[in-house]
Amino acid sequence: MIVTTTAMIEGKPVRDYKGIVTGEVIVGANIFRDLFASVRDIVGGRSGSYEDVLARARKQALEEMEAEAKRVGGNAVIGVDIDYEVLGANGSMLMVSCSGTAVVV
């Protein structure tokens with residue numbers, strides 16, 4: 001499945017629009033606190049472990065969005081937007097969400 005942030009796919013005209021599709025993943029902040037407590041790979045202010053958690057959450061959100069696109073009959077998703085939000089009264093959770101338009105090309 002083609003997934004792109006652009007509004008069109010060069011050389012592949014949109015034949016049918018199937019609608020907006022989304023994917024969301026929420027990760028508890030305690031996971032992040034535990035990671036920071038045990039992180040030994042912080043170099044130059046970056047944490048590989050923290051980045052791995054974010055990458056996995058992003059990948060899962062994109063996979064959910066692709067699965068929804070397939071369910072509605074799409075074979076591509078255009079106009080994809082990925083957002084990161086802190087949720088909860090004290091920022092105890094992180095949400096990764098993505099949305100786009102399922103299409104048939």
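Mentor: Gladly! Let's start with a definition: buried means under 20% relative accessible area, exposed means over 50%, and partly exposed lies in between, using a 1.4 Å probe and protein chains only. One caution is that this is a predicted model, where local features need pLDDT of at least 70 and side-chain atom pairs count only at pLDDT 80 or more, while totals for chains, interfaces and linings use all residues. Residues are numbered from 1 along each chain as its sequence is written, and side-chain values use heavy atoms, leaving out hydrogens and water.

Trainee: Why is T4 called buried?

Mentor: Its relative accessibility is 17%. Buried means under 20%, so T4 counts as buried. T4 sits in the loop between β1 and β2.

Trainee: What is T4 in contact with?

Mentor: Contact means heavy atoms within 4.5 Å. Leaving aside neighbours within four places in sequence, T4 is in contact with I9, V77, I78, G79 and V80.

Trainee: What makes the link between T4 and T6 a polar contact?

Mentor: A polar contact is a pair of N or O atoms within 3.5 Å; within protein, one must be able to donate a hydrogen and the other to accept it, and residues adjacent in sequence count only if both atoms are side-chain atoms. The side chains of T4 and T6 are joined at 2.9 Å, so the pair is a polar contact by that definition.

Trainee: How many helices and strands does the chain have?

Mentor: Helices (H or I, at least four residues) and strands (E, at least two) are DSSP runs, numbered from the N terminus. The chain has two helices and six strands, and from the N terminus on the elements run β-β-α-β-β-α-β-β.

Trainee: How do you know that β1 and β5 pair?

Mentor: Two strands pair if DSSP finds at least two bridges between them. Strand β1 (residues 2-3) and strand β5 (residues 76-87) are joined by two bridges and run parallel, so they meet the rule. In β5, V77 is the bridge partner of V3, while A76 stands opposite I2.

Trainee: And what links β5 to β6?

Mentor: Those strands pair in the antiparallel sense over 10 bridges.

Trainee: How many salt bridges does the rule give?

Mentor: The count comes to two. K59 forms one with E63, the closest N and O atoms being 2.9 Å apart.

Trainee: Why are K59 and E63 separated by about one helical turn?

Mentor: Because they are four residues apart in helix α2 (residues 48-71). E63 has a relative accessible area of 42%; partly exposed lies between the buried and exposed limits, so E63 takes that label.

Trainee: What makes a group of residues a nonpolar core?

Mentor: A nonpolar core is a set of buried Ala, Val, Leu, Ile, Met, Phe, Trp, Tyr and Cys residues joined through side-chain atoms within 4.5 Å. The largest one here has 13 residues, and those with the most contacts inside it are V21, M65 and V77. β2, α2, β5 and β6 each supply at least two residues of this core, and α2 gives the most, with five. In soluble globular proteins, nonpolar side chains tend to be buried together.

Trainee: Is G74 buried or exposed?

Mentor: G74 has a relative accessible area of 9%, so with the limit at 20% G74 is buried. G74 lies in the loop between α2 and β5, and touches M1, K18, A69, V103 and V104, not counting residues up to four places away in sequence.

Note on methods:
Salt bridge = Lys/Arg side-chain N within 4 Å of Asp/Glu carboxyl O.
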